[in-house]
Amino acid sequence: MNVFDILGPVMIGPSSSHTAGAARIGGVARALLAAEPVRADIRLHGSFAKTYKGHGTDKALIAGILGMAPDDERIRHAPELAAAAGLAVTIGTVELDDAHPNTARIALTDAAGRTVTLQGASVGGGNILITAVNGMEVQITGQYTTLIVLHRDAPGTIAAVTDLLAAHGVNICNFRLARQEKGGEAVMTIEMDGRFDPALNRQVEALPNILSSTMLQPI
């Protein structure tokens, strides 16, 4: 067990689950969009839906979407900072089947109309688990350097990505694949030991059939 699992993360209060974890979920959504968002639609489930105002979950999610870390003192002012930055935010509740009580569903849109959606849960001690990206099932903990690779479901695509990583000496500690349908859009989530230069991500993105690739550093 890591000492931070006992002590909890460095954060702006009051709850590691409802605040620190929420900020990290928002940060992953921002990273996946890879652009400044102009619109954020946030839906909260379970305990998040019932207590988000008192625990600042709404502020933390917005702060993460704005790029703030869980210990950023500006979190308490996140809604006002979002408005000043031209980010339109809507917040509501949703009932989800078989979802963790601390679950948020986020849809972000940038100025060009590009969107990304994710579903993630704050599972305790500031830890998170992202369970869906663009409607496809994933498992992203944020504890490892992670490649999230959206691609066409075409023969040889997975091999091209893993061969490139092997050539760079990457050790894959977890790999997961999900797809919408045969030949349609699919997503690889690849957790890797160590940290890597963003140039590796650009090489992945340049491979055939890759729609986008995002490298998340441990959070």
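1. Basis of the note. The model is predicted, so local features need pLDDT of at least 70 and side-chain atom pairs count only at pLDDT 80 or more, while totals for chains, interfaces and linings use all residues. Residues are numbered from 1 along each chain as its sequence is written, and side-chain values use heavy atoms, with hydrogens and water left out.

2. The pair α6 and α7. Helices (H or I, at least four residues) and strands (E, at least two) are DSSP runs, numbered from the N terminus. Helix α6 spans residues 157-167 and helix α7 residues 198-205; their axes come within 10 Å and cross at roughly 150°. Axes here are lines fitted to C-alpha atoms, for helices over the stretch in contact, with angles running from 0 to 180 degrees between N-to-C directions. The two helices are therefore roughly antiparallel to each other, a term that applies to angles over 145 degrees. The crossing of α6 and α7 is right-handed, meaning that the near helix is turned clockwise from the far one by less than a right angle.

3. Residues between the two helices. On the α6 side the contact (heavy atoms within 4.5 Å) is made by V161, L164 and L165, and on the α7 side by L200, Q203 and V204. By class, five of these residues are nonpolar, one is polar and none is charged. In this scheme Ala, Val, Leu, Ile, Met, Phe, Trp, Tyr, Cys and Pro are nonpolar, Asp, Glu, Lys and Arg are charged, and the others, Gly among them, are polar.

4. The buried face of α7. Buried means under 20% relative accessible area, exposed over 50%, and partly exposed in between (1.4 Å probe, protein chains only). In α7 the buried residues are L200, N201 and V204. Seen down the helix axis, they fall within an arc of 100°, so they line one face of α7; the arc is that of the directions from the helix axis to the C-beta atoms. The cover over these buried residues includes β7 (145-152), α6 and β10 (210-216).

5. Helix α4. This helix, residues 57-65, is mostly covered, with eight of its nine residues buried. The buried residues are T57, D58, A60, L61, I62, A63, G64 and I65. Just after α4, G67 takes a positive phi of about 95°.

6. T109 lies in β3, which runs over residues 102-110, and is buried at a relative accessible area of 10%. Leaving aside neighbours within four places in sequence, T109 is in contact with L33, P37, V38, R39, R114 and T115. R105 is also placed in β3, but is partly exposed, with a relative accessible area of 37%. Not counting residues up to four places away in sequence, R105 touches D41, I42, R43, L96, L118 and Q119. R105 and I25 are 80 residues apart in sequence and 9.4 Å apart in space, C-alpha to C-alpha.

7. Positive phi in loops. Most residues other than glycine have a negative phi. D98 has a positive phi, near 55°; D98 is found in the loop between β2 (88-93) and β3 and is exposed, at 85% relative accessible area. N209 has a positive phi near 75° and sits in the loop between α7 and β10. At 26% relative accessibility, N209 counts as partly exposed.

Definitions and conventions. Parallel < 35°, antiparallel > 145°, perpendicular 65-115°, else oblique.
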